[in-house]
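Please read them with the structure open.

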Amino acid sequence: MAVTLWVALALYILHQGFVPIGLFYHAAYTLAVSAVLAWLVRAYWPAHLEDPADA
Amino acid sequence: MIPAIVIFVYLGIVLFIGIANRGGHGDPDAERYFLAGRALGPAVFLLSLVGTNMTAFSILGASGHAFSNGIVTFGLMASSSALIIPFGLFLIGTRLWSLGRRRGFMTPVQMFRDRWECRHIGTAIFAVQAVLLVPYIIIAVMGGGTTLQTVSNGLVPFWFGGAIVSLVIMGYVFFGGMRGTAWVNAFQTVLFLLFGAIAVSVIANGMGGFRGAVEDLLASPATSPLLSRERVAPLYFFSYSFIPLSSIAFPHIAIFCLTARRLGHFRKTVVLYPICMLLIWLPSVFLGVVANRATDVPAIEAKLEARSTLATAGPSLEPAEAAALGAQASGDDVILRLVEGYAPLWLAALLGAAVMAAVMAADSQILALSTMFTEDIFAFYGGKARFGDRVQVQTGRIFIVLITIAAYAIALRTPQSIFNIATQYAFAGYSALFPLLVGALFWRNSTKWGALAVTLWTAVTVLAVAIIQQTIPAPPPGQTVAVLTIGGTAVVERIASGTTVFGLLPVVPMTIGSALLMGVVSRLTPGARANGRTLDTYFPKTA
């Protein structure tokens, strides 16, 4: 969980043609958040919370 | 009138979806009725969770804010939520699901009572949560009445529109319970996603493409700040990022986390949530900005003229005149006006349905309030043991009818502006309750007295902000009124859009104050820590 929190903090600090570049930044940032979350749920999934009946 | 007919058809479809997907026959038990039997599949879980988090603000308010402030709206509201909400689901939602599955919880208060081995402190948390949730339900009834009145050009009166919307929500929540409500929310999310893409392409066609509009905005010193973050100060930008903490603390979101069939359903939800936010918010924000060049739409031209008059003659205007111009310049209906000006009738009708879908997000809140009442009050104080599961569900259904009728009655008698403000307090209040979840799930040494301190602090600070905003009139934009000054430094100030504390939105000191109180009071009351068996349940030793 510590890794997840550090990644969340890093993303939070980062957050703080006819497309305005600021909008382009934020759209790209949102997609990057999704990609980072995809990595986190794969690498740091809280398997201990799974219901044994679902194994 | 055609858009109004389309909305009535849409309401009929929603009612059918909600009742047809109630799941099973015969009288449901409490878990099946209030939590869909903890058996929602991954697609409905994702789409319904996104839809539950959307309000009318996501479509109308976002474009209105962008119309006045520019592209910074997306960073301020959408990308911050796209970061914080999925992380909340990943870190807290999964733990709530696991505890709910193992311990049988159906509400956050049940979990708090078990975690901190308390009784009436749980009731205090229930009371604060319930009071903060009610304005949402009332504003949904008002939004439904207003939308039907607007799209029918006044043919459907406010009282009748509000009554129809109330009956439809009450109908599918009453019969469909959580499963029916989740299916309706999933359907509505699909509608949101479709509307954004269609609206952008149709309006682009109507305006002859966006490049010319954006280049015009860039060329004018008056409008070029709309293409940057210039209209929002960094402290305000920082403050606003505390608002999404409220999402997982809202009871209807926390309760919804318990409905997934498997923990694995959170995987796709966490990953796809930011993309759903992008698809819904990006069109709203972008259309709000380019509306500043849609001067061939008379209603938008009138807004721009009102804004210009306010900017040039603002200080010399009478307060009433300035307020009237401010209301006229408001962009909350700008996307409706764009569609009216550039889109065919069928798209206007689709927009009406999408707006209706957004304002009807109160279905989850009504069901959550009913779940909380029947579990945290009725069952906790002996009702379930005495009368059984069936009576508990019937009590929940009666509560749904009563809360909807009460919301409708209040909506008819009270100005909407009061509840618009109240929903602002609700966001800040739930952000301030966020440390309850963190303390319960991540800190062994947290105590029930720390939880009570957080709850009372939230109630007192929400009340204080409400009193300040009700008793001190808002100054004109750009000016401030000092409310509390210490040693020559203005601590609390009244500004045009609300209240600030050291230049920050109240949500920041409220949330930080809550976290500090949880820490300090828990440290001062070590004797009230939960016993070892309880702590082992919440903090199992993992290999």
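1. A residue is called buried here if 20 or more other C-beta atoms lie within 10 Å of its own, exposed if 12 or fewer do, and partly exposed in between, with C-beta atoms placed from the backbone. This is a predicted model, in which local features need pLDDT of at least 70 and side-chain atom pairs count only at pLDDT 80 or more, while totals for chains, interfaces and linings use all residues. Residues are numbered from 1 along each chain as its sequence is written, and chains are lettered from A and ligands numbered from 1 in the order in which they are written.

2. Gly196(B) has 22 C-beta neighbours inside 10 Å and therefore counts as buried. Gly196(B) belongs to helix H8 (residues 158-206) of chain B; helices are DSSP runs of H or I with at least four residues, strands are runs of E with at least two, and both are numbered from the N terminus. Leaving aside residues up to four places away in sequence, Gly196(B) touches Leu279(B), Ile280(B), Pro283(B) and Ser284(B), where contact means C-beta atoms, placed from the backbone, within 7 Å. Between Gly196(B) and Leu279(B) there are 83 residues in sequence, but the C-alpha to C-alpha distance is 7.1 Å.

3. Chain B as a whole has 24 helices and 3 strands. Along the principal axes, the C-alpha atoms of chain B fill a box of roughly 70 × 65 × 50 Å. Buried residues are 54% of the 543 in chain B. Of the contacts in chain B with a separation of 6 or more, 82% join residues 24 or more positions apart.

4. The contact between the chains takes 36 residues from chain B and 29 residues from chain A. On the chain B side, the elements giving two or more residues are H5, helix H9 (211-219) and helix H13 (265-290). The largest share of that side, 14 residues, comes from H5(B). By class, the chain B side has 22 nonpolar, 8 polar and 6 charged residues; Ala, Val, Leu, Ile, Met, Phe, Trp, Tyr, Cys and Pro count as nonpolar, Asp, Glu, Lys and Arg as charged, and the others, Gly among them, as polar.

5. Helix H1 (residues 2-15) of chain A packs with helix H5 (residues 72-103) of chain B at about 170 degrees, the axes being 10 Å apart. H1(A) and H5(B) are therefore roughly antiparallel, a term for angles over 145 degrees. In H1(A), the residues that meet H5(B) are Thr4(A), Ala8(A), Leu11(A), Tyr12(A) and His15(A). The residues of this contact comprise 7 nonpolar, 4 polar and no charged.

6. Two residues deserve a look for their backbone angles. Most residues other than glycine have a negative phi. Arg38(B) has a positive phi, near 50 degrees, and lies in the loop between helix H2 (30-35) and helix H3 (42-53) of chain B. Phi of Phe502(B) is also positive, near 55 degrees; Phe502(B) sits in the loop between strand S3 (498-501) and helix H23 (507-524) of chain B. Arg38(B) is partly exposed, with 19 C-beta neighbours inside 10 Å, whereas Phe502(B), with 12 other C-beta atoms within 10 Å, is exposed.

How values were computed: Axes are lines fitted to C-alpha atoms, for helices over the stretch in contact, and angles run from 0 to 180 degrees between N-to-C directions. Angles under 35 degrees count as roughly parallel, over 145 as roughly antiparallel, 65 to 115 as roughly perpendicular and the rest as oblique. Two residues are in contact if their C-beta atoms, placed from the backbone, lie within 7 Å.
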